[in-house]
Amino acid sequence: MTTVDLHTLTGAYALHALADDERERFERHAADCADCAQEVRELTAAAARLGLAVTASPGPALKDQVMRRIATVRQESPRTVPLTAPRAIGIRRRRPARWVLAAALAAAASLGGTAVWQHERAQDAQEQARQAERRADQVAAVLAAPDAKSRTATLAGGASGTVIVSKSRDQAVFIAARMAKPPSGKVYQLWFDDAGTMRSAGLMDPGRTTEAVLMEGSVDGASGMGITVEPAGGSAEPTSDPLALLSFPA
Amino acid sequence: MKEAVEIGRNPSAEPDLPDLMARVARGDQEAFASLYDVVAGPVLGIVRRVLRDRAQSEEVAQEVLVEAWRTAARYRPERGSVMNWVLTLAHQRAVDRVRSVEASAAREHKAALLDRTPEFDEVTEQVEARLEREQVRRCLRTLTELQRQSVTLAYYRGLTYREVAELLALPLGTVKTRLRDGLIRLRDCLGVTA
């Protein structure tokens, strides 16, 4: 089948009217054809309107069954490379790192963190940028370190924080889950606790309430870490009482 | 043919769905219950339209909704609305079911296909008569007769384009083109953006 032929399959593809082998061939073609991918998105959206037009009214039993079932179904992690995403540099390298990250997060979860694996999503969302990838690799390296140890604390409002420290790497990762958004113009700042003196370890992304952050700087004998609310941009030293203080695992 | 009609609100552009979806992806069952309320009707509707059989439709709709929960983290807002995502999944699963049933009876397949032929007019009529969204009905009318037949046979019956070609006794290339041109016309008329 020629390229031109393949391109005219956008409609059939959007309608799920291709046989398996043709669909695969078309998907391979569309992966390198931005115009096709865009047309597929538009035609798929148009097809979905045909679906909307035949809306039914499900009985209450269906909802009961579905809600019961999802309570026992584990959710999948985000796909690391979207099917039709433009080929990004470094995908090959990223995959193993992701697997390490996922495995390490699962390990961290089993150490007592609550639903820590969810952070993979925070790590993953929108991360095509290489900078984010490097950070993720570093986070993964800390989590995967043979001597990584974790401690979890419950924060106000059902949020939780887990700190993972690797002595051999002299680095720490802080994982926040379900934190309230910081007040407007404020940001969460992380600190190393050097025997009562707080040393900045960087800021959390104010747009995220669930995030894994590589703490900036080396652990360097710090006995624990803290988190405070600071004006946007952060402060040289804490200007408010800590929301939480965690001592590092021995 | 750029005749974008907006009658009533367009649920595929529901503003709070992406937020709900993000919460669902984080494992929030309450958020999923709200998402369910928005998408379950359309999901069951399209599955039932393709499969016809009520018991099978409920079963497949349930699978689709559970799959939406399971794979919520894979939803990408930049690739389309939540409603599109769920309905595309629902249509795919309904079609998968049709094809798996048909594959298991491959030899009878052609006979079955021909058997179903008389249903065709009935299907399109029902579709026309029961379309809940006036703009879809209006826009379907902007398609040529053969475009409309091809598109509705593929979408509402779950036929492959080869089957559509067989049914309408048309060359494959013609059907491919019709499906694409028909959807493009529908897209322009509905003012769909993606």
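Select helix α2 (residues 29-51) and helix α3 (residues 54-70), both of chain B: they pack at an angle of about 140 degrees with their axes 9 Å apart. The model is predicted; local features need pLDDT of at least 70, side-chain atom pairs count only at pLDDT 80 or more, and totals for chains, interfaces and linings use all residues. Residues are numbered from 1 along each chain as its sequence is written, while chains are lettered from A and ligands numbered from 1 in the order in which they are written.

Helices (H or I, at least four residues) and strands (E, at least two) are DSSP runs numbered from the N terminus. Axes are lines fitted to C-alpha atoms, for helices over the stretch in contact, and angles run from 0 to 180 degrees between N-to-C directions.

Stay on this pair. α2(B) and α3(B) are oblique to each other (under 35 degrees is roughly parallel, over 145 roughly antiparallel, 65 to 115 roughly perpendicular, the rest oblique).

Next, show the contact residues (C-beta atoms, placed from the backbone, within 7 Å). From α2(B), select residues including Phe32(B), Tyr36(B) and Leu51(B); they belong to the set that meets α3(B) residues, among them Val60(B), Leu65(B) and Trp69(B).

Move to chain A and its open sheet of four strands, in the order β5-β4-β7-β8 with antiparallel pairing (two strands pair if DSSP finds at least two bridges between them). β5 (197-203) and β8 (244-247) of chain A stand at the edges with a single partner strand each, so one side of each has no neighbour in the sheet.

Finally, select β4 (residues 186-194) and β7 (residues 224-231) of chain A, antiparallel strands joined by eight bridges. Here Tyr188(A) stands opposite Val229(A) in β7(A).

Key. Contact = placed C-beta atoms within 7 Å.
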